[in-house]
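Dear colleague,

Please find below the sequence and structure that I am handing over to you. My findings follow directly after them.

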Amino acid sequence: MAQQLIQNVVDIMDNAHSQQQQLTESMSSLSEAKQQVKFSAEQSKKCLKEHFKWLEEKALENLRSRLNELLSEVDVVTATALTPLMDCEEMLNSSISAAARIMEEGKKILGNNPNDHIEDLVKFKDNPDTRQLHSVPEIPCLADVPYLSVDNFHPDLEKKLHKLFENEGRVLERAPAQISEIEERPGSLLITWAEVDDEVEAGEFCLQYCYGRVQSNEDKNITFHTAYTGPNTFCTIRHLKTNTPYSFRVCSRPEGEEKWSIWSVPRTAHTTIPHYQWNNTTEGYSTSNEDKTATRLSEGTTRVLYSSDNSYRCGFPITFRVLDAGEKTPFDGIGLSANDEDTETLQRSNSIFVATSGSVFVDGQEMKTKLPMLTRGSAATIETEDLGNGKVRVSIEVEGKAVTFDWKVDQKADVGRLMGLGMGPASTSVCLYFGMKFSHEDWKVGVE
């Protein structure tokens with residue numbers, strides 16, 4: 001009885017310890033969330049202050065510029081109007097001075113016995129100043145002279161400015177698009193995002209990634225690379241190193257607009273699943289690009305080149321890219337197999353085979369549907385869905401044409417292999433080899 005009670009205490013303590021760890025982790029996540037809110041709030045305030053300070057400076061700059069432009073225009077009109085008036089004034093002053101001199105001279109002549117000084121009378125008559133007495137410049141009427149004023153002040157300008165500034169800026173709780181899910185793929189990650197702003201309908205998205213763990217878009221020391229731009233809400237980032245952190249962010253914009261939205265909160269993830277690799281020890285083939293590319297050599301017997309192990313797991317896509325092509329034979333092509341025991345052909349049971357001619361063989365039997373021929377630049381993508389009990393739905397696409405069928409795989413689940421990939425036995429029951437067979441040299445196929 002005592003022993004059972006003691007065990008109960010131990011079990012309760014274990015549960016309490018486990019809960020304490022979970023709560024501690026939750027507290028850490030909560031602290032990170034609070035920090036994100038506070039940090040983003042400070043950044044937003046800083047951005048608002050900087051923008052409105054810039055806006056204020058630009059507004060004053062433009063107002064001063066317009067004021068100086070109008071003042072200069074007043075000066076130009078004033079100078080243009082005053083020039084003829086000042087010329088006229090100068091003529092008037094000259095004539096007034098001449099009249100004053102004539103009056104003074106005439107007074108002297110008349111006061112000094114003019115009958116005895118005939119010569120002075122003649123000279124006075126021929127004086128140039130005397131001839132000017134009949135020349136009076138024309139003075140413009142006031143209606144013809146500029147009377148400067150100012151106009152065109154918009155009475156509703158204040159209302160317009162208020163409305164304009166009232167709509168300047170917007171506080172967003174989150175970016176309009178956010179990364180919603182990241183799934184591991186062999187040597188890659190499938191990134192999915194979604195719109196979270198009901199007021200804006202996005203027509204285009206931009207996904208970027210960078211190496212390492214990024215917590216803020218404000219970090220200027222980080223260089224992001226654009227991985228995708230378009231209308232889709234998902235993208236597979238390939239050629240990633242395993243167990244290496246990568247950060248992702250996404251933004252959006254409505255269709256037809258040039259300006260992108262703000263970036264989403266960066267999400268960090270990594271893949272633990274190695275990329276697809278060809279067996280690098282098979283005679284007649286050489287591998288490169290971290291064993292992701294295989295080339296048929298001139299020497300060596302004709303045989304099937306398989307993957308390094310049964311690394312293709314059901315539910316993921318696999319793409320064969322024909323990087324170079326050589327001479328074709330009927331039994332050449334690419335495919336999937338439940339095992340790598342038969343090195344002679346892929347056109348057999350427990351295999352799917354796509355011949356270079358476009359023929360599709362399932363368990364050695366040719367299907368009626370034919371795909372485009374495999375040649376240089378071709379890409380054949382195989383996608384599978386585990387239906388349970390060893391049954392797999394297969395879709396093969398080549399150059400836009402596809403064929404779909406159900407395939408019964410005679411294979412037992414390799415639990416050890418599944419656990420090595422970080423999966424439990426329940427996550428999938430089918431792991432396959434991928435392979436290729438070419439009889440002539442120069443065939444070069446990459447897998448991703």
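Strands β17 (residues 379–388) and β18 (residues 391–398) are joined by 8 bridges and run antiparallel. Within this pairing, aspartate 386 has valine 392 of β18 as its bridge partner. Please note that the model is a predicted one.

Both strands belong to an open sheet of 7 strands, in the order β8-β9-β21-β12-β17-β18-β19, with antiparallel pairing. At its edges lie β8 (285–288) and β19 (401–408), each of which pairs on one side only. From one strand to the next, the twist averages 20 degrees.

Threonine 295 is located in strand β9 (residues 293–296). Its relative accessibility is 19%, and threonine 295 therefore counts as buried, the cut-off being under 20%. Apart from neighbours within four places in sequence, threonine 295 is in contact with Gly284, Tyr285, Ser286, Trp443 and Lys444.

Tryptophan 443, one of those contacts, sits in the loop between β20 (431–437) and β21 (444–447). Tryptophan 443 counts as buried because its relative accessibility is 0%. When residues up to four places away in sequence are not counted, tryptophan 443 touches a list of residues that includes Ala294, Thr295, Arg296, Val322, Asp324, Thr356, Leu374 and Phe438. As for aspartate 324, its C-alpha atom is separated by 5.4 Å from that of tryptophan 443, although the two residues are 119 residues apart along the chain.

A kink of about 30 degrees is found at leucine 82, shortly before proline 84. The buried residues of α1 are Leu55, Ala81, Cys88, Ala98, Ile102, Gly106 and Ile109.

The record lists residues 53–80 as "coiled-coil region". In the model, this stretch is 100% helix and 0% strand, with its end C-alpha atoms 40 Å apart. The record also places the feature "domain: Fibronectin type-III" at residues 175–274. Over residues 175–274, the chain is 0% helix and 46% strand, and the end C-alpha atoms are 33 Å apart.

With kind regards

Definitions and conventions:
Residues are numbered from 1 along each chain as its sequence is written. This is a predicted model: local features need pLDDT of at least 70, side-chain atom pairs count only at pLDDT 80 or more; totals for chains, interfaces and linings use all residues. Side-chain values use heavy atoms; hydrogens and water are left out. The bend at a residue is the angle between axes fitted to the seven residues ending there and the seven starting there. Helices (H or I, at least four residues) and strands (E, at least two) are DSSP runs, numbered from the N terminus. Buried means under 20% relative accessible area, exposed over 50%, partly exposed in between (1.4 Å probe, protein chains only). Two strands pair if DSSP finds at least two bridges between them. Axes are lines fitted to C-alpha atoms, for helices over the stretch in contact, and angles run from 0 to 180 degrees between N-to-C directions. UniProt positions are given in the numbering used here, feature names are shortened, and annotations may be inferred rather than shown by experiment. Contact means heavy atoms within 4.5 Å.
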